[in-house]
Amino acid sequence: MSNEAVLGAHVGDVIHHETHHDEHHEHHHHETFITKYVFSQDHKMIGKQFLITGMFWAVMGGLMSVLFRLQLGYPDSSFPWLEDILGKWAKGGHITAEAYYALVTTHGTVLVFFVLTAGLSGTFANLLIPLQVGARDMASPFMNMLSYWFFFMASVVMLSSIFVETGPFSGGWTAYPPLSALGDASPGSKTGMDLWIIAMALFVVSSLLGGLNYIVTILNMRTKGMTMTRLPLTIWALFFTAVLGVLSFPVLLSGFILLIFDRNFGTSFYLSDIFVNGVGALPNEGGSAILFQHLFWFLGHPEVYIILLPAMGMVSEILSTNSRKPIFGYMAMVGSLFAITILAFLVWAHHMFVTGLNPFLGSIFVLLTLLIAVPSAIKVFNWLTTLWRGNIRFTPGMLFAIGFVSLFISGGLTGIWLGNSALDIHLHDTYFVVAHFHIVMGVASMFGMFAGIYHWFPKMYGRYLNNNLGYIHFWLTIIGAYLIFWPMHYEGLAGMPRRYYDYSVWESFKQFSDLNRFISTVAMIVFAVQLLFLFNFFYSIFKGRKLTNPNPWGSNTLEWTTPINPGHGNWVGEIPEVHRWAYDYGKDGKEFIPQTTPVGADESTHH
Amino acid sequence: MSFFFVIAVIILVFLIIFQIAKASEYVAVLKGEDRARRENNKINGFFMIGFLIAGLIGIYLCNDALVDKTLLVQKSASLQGEKVDEMLWVTLIITGVVFVITQFVLFWFAYKYQESEKRKAYFFPHNNTMEIVWTVVPAIALTVLVVIGLRNWFSFTGDAPSNAMQIEVTGKQFGWIFRYPGNDEVFGKRYFKMIDAGNNSLGLNWHDSTDLNIKDDPSTHDDIVTEQTMYIVKNKPVKLIIGSRDVVHDVGLSWFRLKMDAVPGTPTTLWFTPLYTTKEMKEQTGNPNFQYEISCDQMCGNGHYSMKGVIEVVTQAEFDEWMAKKKPAYYAAYPDKDPANIKPATPVADSTKATTTKLQIQPGDKKS
């Protein structure tokens, strides 16, 4: 597929036109407000759409966590203003159990899927793939646009489920049946669950449209000289992310379809031997509730890496650029990404060690799960070596990248505990798990996302984010994140279960009420700090310091060879040719050598 | 009112931070980008090392404040749990060492190699020896952990000893039902469509039903059914046969360091050997209200957080005494079949008969 062909008739003409007359800058002359900002087919605009929609959901999800942390931290206090905003869900200023579970469930769903999948890989795959591989746009800009709009529809449906009379789905983001299948077992499983499934189905469609596009673009549309081994690690990571998504999201969808049948058409895929209080025995027999868990986690576990890999890729890029030093062990980094991708498909049942899984099967999953720690360890050691003897510039992006590594270590190591079934049988579904996945998947990926935003904001908007706000944002967030999640390990080591509305009746768990109050308070402060970041973001789009240097970080990759505000098509004139890998920093006494610089005759052949 | 006050304060703080950040950006522009970067670099480099030191102190303080509230300082109340604890300490030591070293290296490097005009970054793209070392060393450490883990895993999930007491545990929204097999040591058959919320909470097949093609199973007639509290015997292995009546629940036994899901339609099992009676644990923990609690560890609906069961670990004698007082559930559903009610005409003879029946239960239990 040719790069010129993908832009469609209008823009393609302009580009062709330009290749003959380099001086003309006519990118925008056909574009209206609708085609430029709403139904845009420009990958950069679609990336921004994903980002801002993701930010909306991040605020919603964060706000939900503030509300349910309020219940956990202050179970005895009442907050009249809660009744003002939540109505019957907070009678007397007290969040009801039903509302609490709805908040927890929606928080999990939107953070995992809408923020850290769509908001993270949707944003940066769109923004960076064409720019870093040297393409005018995605292989199919139209499909790319559809990918965003399916995500948008998913968002609308998910948002509408919050306003349903019986409440949004409240059975946990994993949506295990029979709870999620039986409206009589939980009011949240009525209309709220139907909307939840529809939203998730639309989301899967969005993710597949996007993912296929990313894969095709990376494989087919690299510019001249951009061999696979010259790709920046961001692109490798986004490539594997897309592969994971394309292979695992359909399995989730199939699981949901069976669930729809069980819910609405009387089948028994997941249901058997059920007697619901107040309703009586159900006719279903012969189904297996565990089947859903297999289907769910066959996506659910790769999903963790769908979230994490883009962050890893961006962190590799940002660490190297700002250490002014090549990423250490490029091939090992690619190899470990590959190993993680393969192993990600073979570890799902470690979420199911206590479901009565066949012990032998369990042992295989223990082995494969702990095996995945090896490529993860390689990545960490390589990042550390990248810093060693560098000349580090602490840009806000760099700070978040370093923070990512710290959090990835902390959360990754507890994975070794939980992946070992004999320990998991003690720690499963306690706060230890909450601490583990929030640190390694939630906060770490969020840090990767922040690093990416700070680093590529100048490319997106031609302006800088305010540095000082960035520093404040980073330091308060990393301190806050550790203060929130570190002590949760201790709660887990006391066996304190997740998803409890109130611990006061439990002799074994009620000793943590002070700690819960502390965590809730810090969580609220950290949430407020994120609003500061959002303010910085939107303010800087319009009023930020303008970029004067098209390559502000002294970076090697192709996106910095485009104009400061690139139009649709990215490069004016021909797409540059690539002559080297992306990491020639500090080579032969030169500060950095962009990928477009031909290899000199006297250059040392280190790579 | 205070709500709006808080909001106002937050906005004010925001504005102040923002103004300062903005002003210092102007200053930075005036100073020149390079100089501003150098200054920012110094401050952040200092914060890096500061964060490392404060973080390590914080970890110490956090541990100091919280460790007494966890199970780390409590002996496990089951034989299996002792293995879990051993393994937990080994894992803690290995991951703890890695944690301290890598975090130290990360922040130390960040501090040490912050930008300086005197230094040039060292071009160091790869080194195969280093790569091999840090592939092999973690692989070996992980192999050790896998071996320890799987040895325990197979011993936990293996068959229960033949002398194990068997108890059936059934979860429902939101509580637990326990069943003992009674004199005949056989759990009578049950079918979920036989469930009657009033007197047959488990759906025991104790009458014929042509609709459901069910025959009366006499071995249900002596099954003992209790709710909320389960009695087990110290030092005697107990095997739980776990199921659910509605949605997925989980039998969480934090003091025994074990748990197992309760899945409708698919029975699971879990066995363990309790080491201390509830009374002994009250003394050990110094908590007069101590209970072995069964916590539901799998999201099961809006009452999930209140789905509590209690295990009483007692001596064999106490257990026998408790069991002797239990009447089979069958008699509660069919009072006319209760031997205690069969001869109401001769009250004196009746009371003797009832006592003998009760006494007869005991020897059977001792055997089991």
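In helix 6 of chain A, the buried residues are Pro141(A), Asn144(A), Met145(A), Ser147(A), Tyr148(A), Phe150(A), Phe151(A), Ala154(A), Ser155(A), Met158(A) and Ser161(A). Buried here means that 20 or more other C-beta atoms, placed from the backbone, lie within 10 Å of a residue's own. Helices are DSSP runs of H or I with at least four residues, strands are E runs of at least two, and both are numbered from the N terminus.

A word on the source: this is a predicted model, in which local features need pLDDT of at least 70 and side-chain atom pairs count only at pLDDT 80 or more, while totals for chains, interfaces and linings use all residues. Residues are numbered from 1 along each chain as its sequence is written, and chains are lettered from A and ligands numbered from 1 in the order in which they are written.

Now for chain A as a whole:

| Property of chain A | Value |
|---|---|
| Helices and strands | 17 helices and two strands |
| Span of the C-alpha trace along its principal axes | about 80 × 50 × 50 Å |
| Buried residues | 65% of the 607 residues |

Turning to the partner chain, 108 residues of chain A are in contact with 100 residues of chain B, contact meaning C-beta atoms, placed from the backbone, within 7 Å. Helix 16 (residues 467-493) gives the most to chain A's side, with 11 residues.

Definitions and conventions:
Contact = placed C-beta atoms within 7 Å. Buried ≥ 20, exposed ≤ 12 C-beta atoms within 10 Å, placed from the backbone.
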